[in-house]
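Walk me through this structure. Start with what is packed inside, then move along the chain.

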Amino acid sequence: MCWSALLLLAVLTFGEALYFFFSVVTGNWGGAALSLLAYALLAASIKVLGDAMSRGGLC
């Protein structure tokens, strides 16, 4: 269960990175800024989930 959640967060993070790239290329600066915010939140979620998994407290 936890590994699938971590994999899902990683896929979403990759998707956000792609969206950021294409937002910058097309000049959509509002989308790029929003994408950076979402990217930071996803990265923090991956860190928290990974820390909880390594301690054995979550799964």
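A nonpolar core is a set of buried Ala, Val, Leu, Ile, Met, Phe, Trp, Tyr and Cys residues joined through side-chain atoms within 4.5 Å. Buried means under 20% relative accessible area, exposed means over 50%, and partly exposed lies in between, with a 1.4 Å probe and protein chains only. The model is predicted: local features need pLDDT of at least 70, side-chain atom pairs count only at pLDDT 80 or more, and totals for chains, interfaces and linings use all residues. Residues are numbered from 1 along each chain as its sequence is written, and side-chain values use heavy atoms, leaving out hydrogens and water.

The largest nonpolar core has 6 residues: Cys2, Leu6, Leu9, Leu42, Leu49 and Met53. Both α1 (2-26) and α2 supply at least two residues of this core. Helices here are DSSP runs of H or I with at least four residues, numbered from the N terminus. In soluble globular proteins, nonpolar side chains tend to be buried together.

Take α1 next. Its 25 residues should span 36 Å at 1.5 Å a residue, and its end C-alpha atoms are 36 Å apart, which agrees. The expected span is 1.5 Å times one less than the number of residues. The buried residues of α1 are Cys2, Leu6, Leu9, Thr13 and Ser23. What covers them includes α2.

Leu9 shows how this works. Setting aside residues up to four places away in sequence, Leu9 touches Leu42, Ser45, Ile46 and Leu49. Contact here means heavy atoms within 4.5 Å.

Thr13 also lies in α1. Its relative accessible area is 10%, so Thr13 is buried. Beyond its neighbours within four places in sequence, Thr13 is in contact with Tyr39, Leu42 and Ile46. Where does the side chain of Thr13 place a polar atom? That atom lies 2.7 Å from the backbone oxygen of Leu9.

With a relative accessible area of 32%, Gly15 is partly exposed. Gly15 and Tyr39 are 24 residues apart in sequence, and their C-alpha atoms are 9.1 Å apart in space.

Now the aromatic rings. Rings of Phe, Tyr and Trp (its six-membered ring) pair if their centres lie within 6.5 Å; planes under 30 degrees apart count as stacked, over 60 as edge-to-face and the rest as tilted. The whole structure holds 1 aromatic pair. Phe21 and Phe22 form this edge-to-face pair, at 5.2 Å centre to centre and 70 degrees between the planes. Phe21 is partly exposed, at 47% relative accessible area.

Gly27 follows α1 and has a positive phi, near 85 degrees. Then comes α2, with 27 residues. From first C-alpha to last, α2 reaches 39 Å, close to the 39 Å expected at 1.5 Å a residue. Its buried residues are Gly31, Ala32, Ser35, Leu42, Leu49 and Met53. These pack against α1.

Which residue forms a salt bridge with Asp51? Lys47 does, with the closest N and O atoms 3.0 Å apart. A salt bridge is a side-chain nitrogen of Lys or Arg within 4 Å of a carboxyl oxygen of Asp or Glu. By this rule the count is 1. Lys47 and Asp51 are 4 residues apart in α2 (residues 29-55), so about one helical turn separates them. Lys47 is exposed, at 53% relative accessibility. Asp51 is partly exposed, at 27%.

Just after α2, Gly56 takes a positive phi of about 80 degrees.

Methods:
Polar contact = N/O pair within 3.5 Å; in protein donor to acceptor, adjacent residues only side chain to side chain.
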